[in-house]
Amino acid sequence: MNNGSNRTVHPSCTGKPPFAIDIINQLDIFGIILYSILTFMASVSLLVFIEECVYIYRKVPANKKSLIIWVNGAAPVIGTMSCLGMWIPKAIMFTDMTSACYFAVVVFKFLIMMMEEIGGDEGFMRRAGKHRLKISTGPCCCCCLCLPYVTITRRILFLLKLGSFQFALMKIVFTILSIVLWTNGNFDLSDLTINGAAIWINPFVGILTIIALWPVAITFMHLRITLRTLKIIPKYAMYQLVLILSQLQSAIINILALNGTIACTPPFSSAVRGYMISQQLLILEMFIITLATRLLYRRQYDPLPNEEQDDNENTKMVAIANSA
């Protein structure tokens with residue numbers, strides 16, 4: 001090195017992600033052990049998910065099969081994509097987009113799953129239609145306590161579904177658009193200038209995400225007592241945990257990397273190293289969540305008790321509604 005103003009920078013610190021063979025050639029003993037353990041975790045997560053799919057197809061009613069498989073697949077799919085991104089850094093953008101698109105569908109599927117657990121649209125209207133929805137909940141309006149309660153109608157039910165479905169659809173549309181712009185050299189996650197496509201697409205997708213999470217939170221708050229025997233609260237917690245880890249945690253790490261807080265370590269630049277740390281953490285976290293969700297969803301799917309046996313729970317809901 002020379003003086004502070006004439007530092008020499010390693011070429012890899014300003015370059016693109018390395019090829020997979022370059023990573024393999026530079027792995028030391030610790031790296032071999034780390035990559036082997038994380039790959040094993042991702043593989044086990046995928047095998048557990050496949051075994052769970054077999055169980056669901058054998059034991060679960062037909063109207064819930066695909067919904068539960070989609071929701072169960074969130075952690076294994078994200079873990080598998082993270083494993084691929086860890087081994088092939090040049091594909092990280094595509095693996096992240098695949099995980100994000102899958103989870104966008106899961107948001108919608110989780111909403112429908114809660115409604116199917118109570119008997120579908122007809123069951124929802126029959127058991128909960130005489131109550132009112134509290135819409136002053138997160139992530140949009142948790143601070144707006146003055147918002148009125150909303151009478152449950154088929155139109156409201158349609159709007160709840162539409163609010164989540166738009167994210168599943170638009171996320172895929174914006175992902176395809178991002179890939180098309182990337183092939184033309186117009187989309188770069190590290191380009192945060194006003195002329196970059198990423199600075200416009202990503203915030204808009206973030207707004208769509210918040211809008212989609214709102215109907216799920218509203219429905220959960222309304223049904224959490226009725227569905228408590230189906231362990232809906234820990235299921236919702238796992239769903240929220242996947243969201244936080246795959247979206248918020250990754251975003252924080254990537255921002256720190258783009259700011260240079262995470263140091264460059266050849267053959268990885270600061271940005272690529274941040275992505276690699278994020279992928280490795282996700283593999284471990286999704287492995288644990290996969291095992292937890294297996295325990296939650298592997299059960300006998302008996303019908304809910306009749307509403308007459310559920311008066312205590314519904315009375316609480318009515319009292320809340322009438323106090324508004």
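The backbone oxygen of Pro 215 lies 2.9 Å from a polar side-chain atom of Thr 219. A polar contact is a pair of N or O atoms within 3.5 Å; within protein, one must be able to donate a hydrogen and the other to accept it, and residues adjacent in sequence count only if both atoms are side-chain atoms. This is a predicted model, in which local features need pLDDT of at least 70 and side-chain atom pairs count only at pLDDT 80 or more, while totals for chains, interfaces and linings use all residues. Residues are numbered from 1 along each chain as its sequence is written, and side-chain values use heavy atoms, with hydrogens and water left out.

Thr 219 is found in helix H8; helices (H or I, at least four residues) and strands (E, at least two) are DSSP runs, numbered from the N terminus. With a relative accessible area of 1%, Thr 219 is buried. Buried means under 20% relative accessible area, exposed over 50%, and partly exposed in between (1.4 Å probe, protein chains only). Not counting residues up to four places away in sequence, Thr 219 touches Leu 111, Met 114, Met 115 and Leu 160, where contact means heavy atoms within 4.5 Å. With that same exclusion of residues up to four places away in sequence, Met 114 touches Val 216, Thr 219, Phe 220, Leu 223, Leu 227 and Ile 232.

Met 114 also belongs to the largest nonpolar core, which has 66 residues. A nonpolar core is a set of buried Ala, Val, Leu, Ile, Met, Phe, Trp, Tyr and Cys residues joined through side-chain atoms within 4.5 Å. The residues with the most contacts inside the largest core are Phe 103, Val 107, Phe 110, Met 114, Val 216, Tyr 239 and Met 286. H5 gives the largest share of this core, 15 residues. Apart from it lies another core, of 14 residues, among them Met 41, Phe 268, Tyr 275 and Met 276.

The structure holds 10 aromatic pairs. Rings of Phe, Tyr and Trp (its six-membered ring) pair if their centres lie within 6.5 Å; planes under 30 degrees apart count as stacked, over 60 as edge-to-face and the rest as tilted. Two of the pairs are set out below.

| Pair | Centre to centre | Angle between planes | Class |
|---|---|---|---|
| Phe 103 and Tyr 239 | 6.0 Å | 20° | stacked |
| Phe 110 and Tyr 239 | 4.6 Å | 10° | stacked |

Phe 103 lies in helix H5 (residues 92-117) and Tyr 239 in helix H9, so their pair ties together parts that are 136 residues apart in sequence. Phe 110 also lies in helix H5, and its pair with Tyr 239 in helix H9 ties together parts that are 129 residues apart in sequence. Phe 110 counts as buried at 0% relative accessibility, and Tyr 239 at 4%. Ring pairs link Phe 103, Phe 110, Phe 220, Tyr 236 and Tyr 239 into a cluster.

In helix H3 (residues 62-72), the residues Lys 64, Lys 65, Leu 67, Ile 68, Ile 69, Val 71 and Asn 72 are buried. Their cover includes helix H2 (29-59), helix H4 (74-87), H5 and helix H10 (270-297).

Lys 231 is found in the loop between helix H8 (198-223) and helix H9 (232-258). Lys 231 is partly exposed, with a relative accessible area of 42%. Its phi is near 60°, a positive value in a residue other than glycine.
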